Structure formats: C-alpha cells, structure tokens
Amino acid sequence: SIPLAIEIVTTTTLAIGSKELVKHGAIVAKLSAIEDLAGMSILCSDKTGTLTLNEMVLQDETPVYFEGETQESILVCAAQAAKWKEPPRDALDRLTLGAVNMTLLDSFKQLDYM
C-alpha cells in the first residue's frame, strides 16, 4: 500500500526544489515539470531567441552512446533525415546541412516518399 502522506511529502519536496531552481534563474510554472525534467538525460529544445541570441550552434562535445559514433557520423544521420539534396526547410535543417561534410553523403541515395 502507498502511505497516505506520500503526496504531501512529494509536493513539499518539489516545492523546495522549485525554490532552489528559482535561485538559479529558472522559471517554474508547474511542480510536475521538475519531476519530468529529473528523469531526462538529454533535453533538445527549439528556442525562440527570447532567452538566447536567436542563433543555433552545435556544441563542441557531442554526447555519444555507442562506441565508434562521432559528431560527424551523427551529423551524417541527421543530414539524411533532413533530406540533404533538398533546400533546408527550417533552422535546424540549415544548421545540420551547414555543418555536415557533404562528401560523406555521396554513397547514399535519397528516395522520394509519397
């Protein structure tokens, strides 16, 4: 059985955590968001430029989870997903296609989908 006080303990813990996050400049709108964020290892976000310079850049260190993968091999996969033979459709496509070594894509064939 679940103890009756677990909801109170969880809410109190999250409230204390939100106060700590506010000290670091975070905006906490929902306590449940803290719990969701705690379970993430990577957060990919689409920023609007409100809190940034409105400029997307690739970080120097790319986290890889499989031996042999590199930033370059991941960019090749990302470029394939962006349909590298077509004009970029958005800012993320422009960033990816501008950073990838296009000669590495010569051995791949882009197919059209219905």
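Is Asp60 buried or exposed? I looked it up: Asp60 is exposed, at a relative accessible area of 74% (buried is under 20%, exposed over 50%, partly exposed in between; 1.4 Å probe, protein chains only).

This is a predicted model, so I kept local features to pLDDT of at least 70 and side-chain atom pairs to pLDDT 80 or more, while totals for chains, interfaces and linings use all residues. Residues are numbered from 1 along each chain as its sequence is written, and side-chain values use heavy atoms, leaving out hydrogens and water.

**Loop.** I placed Asp60 in the loop between H2 and helix H3 (71–81). Helices are DSSP runs (H or I, at least four residues), numbered from the N terminus. The C-alpha atoms of Asp60 and Gln71 are separated by 8.7 Å.

**Salt bridges.** I searched the whole structure and found two (side-chain nitrogen of Lys or Arg within 4 Å of a carboxyl oxygen of Asp or Glu). Lys23 pairs with Glu20, with the closest N and O atoms 3.1 Å apart. Lys23 and Glu20 are about one helical turn apart because they sit three residues apart in helix H1. Lys23 is exposed at 64% relative accessible area; Glu20 is partly exposed at 40%.

I then checked Asp93 and Arg89, whose side chains meet at 3.4 Å, N to O. Asp93 is buried, with a relative accessible area of 8%. Arg89 is exposed, with 55%.

**Helix contact.** Which residues of H2 meet H1? I noted Leu31, Ile34 and Glu35 (contact means heavy atoms within 4.5 Å). On the H1 side I listed Thr11, Leu14, Ala15, Gly17, Ser18 and Leu21.

Terms used:
Helices (H or I, at least four residues) and strands (E, at least two) are DSSP runs, numbered from the N terminus.
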